[in-house]
Amino acid sequence: MNNLERIEELRRTTKLPHEDMAALISTISDEEAKVLYKNAREVREKYYGKDVYLRGLIEFTNNCKNNCYYCGIRRGNEKAERYRLSLDDILACCKTGYEMGYRTFVLQGGEDPYFTDERMAEIVRAIKEKYPDCAITLSVGEKEKETYALWKEAGADRYLLRHETINPAHYSKLHPAELSIAHRVQCLYDLHDLGYQVGCGMMIGSPYQTIDNLVEDIEFMHGFQPEMAGIGPFIPHKDTPFRDQPAGTLKDTLHLLAILRLSMPQVLLPATTALGTIHPQGREMGLLAGANVIMPNLSPTGVRDKYMLYNGKICTDESASLCANCMERRVSSTGYQIKVSRGDCVKVSGN
């Protein structure tokens, strides 16, 4: 099978043998990539038309008890200027977002012990009470099933937990010994069992990553069938053990976005801020490679540059309204359009 045949087979069946997927990732030419992106757009438009969904991102704490080697807000980074948003701060972000047409709010933060299970439930209830027509997405790491159940009962709809790499040996090179891919995967299945719309994903070009690792990640996600898949390039942070590691590339990330679109046709696929950080038009390119979600930042401008997971993060000094206007222009330039909607996954139950 050549790469054009692999693209056709992937679109037709949503999967490839391991060796063929590895070959597609590692040997695709620029001309073949154009065919890959065209197929990804066609599949994306079959399920979502020209619509792009906005997720209002609220980075409410940069405190974290974990010490992951790649992350700028890791516990061991003594240079990080820590902060926490209050409930009133969070609700003010939601008010701004709602008035601008956002119907999903993403509460993202480190694994911060201050935000106890009940405190998080209180935040979710407060948002849901004021904005019952909005979806609430949480992204606050690994918890026990009882905690996830409490937050689901409080009104949380979705949960983002990137698995980062499904390979245990690779996982151990990115994380300290107290963290394991086995527990992270258990969390993903617990969330699924509780009825969350679940998102997983990985960094492209993370240290020590191999082509086989990427294929294993695709195979895991194809089997798990998440509603969302968040991928972006690895970008080093100057105050982490990986400060001198090379960043992931735009080309590799776009290829993987398109491959994931063909592998999971109905998945919600963001064009991430990290993609926009490594190239000025990175998010537009992501949309043209099969992505259909953008996550503008609603966090107060006074804390945005403190939530620095990697070097050079964009949009840290723009107001939420400027960010939204910028997004509208960027999305329109691709021929797509922003849709005021919760933007739920169209995946049919049991599919």
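This report describes selected local features of one predicted model, from helix packing to salt bridges and backbone geometry.

## Basis of the values

The model is predicted, with local features requiring pLDDT of at least 70 and side-chain atom pairs counting only at pLDDT 80 or more, while totals for chains, interfaces and linings use all residues. Residues are numbered from 1 along each chain as its sequence is written, and side-chain values use heavy atoms, with hydrogens and water left out.

Helices and strands are named here as DSSP runs numbered from the N terminus (helices being H or I of at least four residues, strands E of at least two). Helix α1 (residues 3–13) packs with helix α10 (residues 250–263) at an angle of about 40°, their axes lying 7 Å apart; the axes are lines fitted to C-alpha atoms, for helices over the stretch in contact, and the angles run from 0 to 180 degrees between N-to-C directions. The two helices, α1 and α10, are therefore oblique to each other, a class that holds what remains once angles under 35 degrees are called roughly parallel, over 145 roughly antiparallel and 65 to 115 roughly perpendicular.

In this pairing, I7, L10 and R11 of α1 meet I259, L262 and S263 of α10, where contact means heavy atoms within 4.5 Å. The residues of this contact divide into 4 nonpolar, 1 polar and 1 charged, with Ala, Val, Leu, Ile, Met, Phe, Trp, Tyr, Cys and Pro counted as nonpolar, Asp, Glu, Lys and Arg as charged, and the others, Gly among them, as polar. Helix α2 (residues 18–27) has D20, M21, A22, A23, L24 and I25 as its buried residues, and these pack against α1, α9 and α10. Buried here means under 20% relative accessible area, exposed means over 50%, and partly exposed lies in between, with a 1.4 Å probe and protein chains only.

## Salt bridges

The structure holds 24 salt bridges, each being a side-chain nitrogen of Lys or Arg within 4 Å of a carboxyl oxygen of Asp or Glu. One of them joins the side chains of D157 and K128, at 2.6 Å from N to O. This pair links distant parts of the chain, with D157 in the loop between α6 (145–154) and β5 and K128 in helix α5, 29 residues apart; D157 and K128 are both buried.

A salt bridge also forms between R184 and E142, whose closest N and O atoms are 2.8 Å apart. Here R184 sits in helix α8 (residues 181–193) and E142 in the loop between β4 (135–139) and α6, 42 residues apart. R184 is buried at a relative accessible area of 7%, and E142 counts as buried at 10%. In the bridge between D239 and K238, the closest N and O atoms are 2.9 Å apart; D239 is buried, with a relative accessible area of 13%, whereas K238 counts as exposed at 51%. Salt bridges that share partners join K128, D157, R158, R342 and D344 into one network.

## The surroundings of E111

E111 lies in the loop between β3 (104–109) and α5 (117–130) and is buried, with a relative accessible area of 6%. Its side chain reaches the backbone nitrogen of E142 at 3.0 Å. Not counting residues up to four places away in sequence, E111 touches N63, C64, K65, N66, V140, G141 and E142.

## Positive phi angles

Most residues other than glycine have a negative phi. E164, although not a glycine, has a positive phi of about 75°; E164 is found in the loop between β5 (158–160) and α7 (168–174) and is buried, with a relative accessible area of 6%. Q225, likewise not a glycine, has a positive phi of about 55°, and Q225 is found in the loop between α9 (211–224) and β8 (228–229), where it is partly exposed at 22% relative accessible area.

## Residues distant in sequence

K38, in helix α3 (residues 30–48), is partly exposed, with a relative accessible area of 44%. K38 and A258 are 220 residues apart in sequence and 8.9 Å apart in space, C-alpha to C-alpha.

K50 is found in the loop between α3 and β1 (51–54) and is partly exposed at 41% relative accessible area. K50 and K339 are 289 residues apart in sequence and 8.9 Å apart in space, C-alpha to C-alpha. Leaving aside neighbours within four places in sequence, K50 is in contact with R44, E45, G335, Y336 and Q337.

Definitions and conventions. A polar contact is a pair of N or O atoms within 3.5 Å; within protein, one must be able to donate a hydrogen and the other to accept it, and residues adjacent in sequence count only if both atoms are side-chain atoms.
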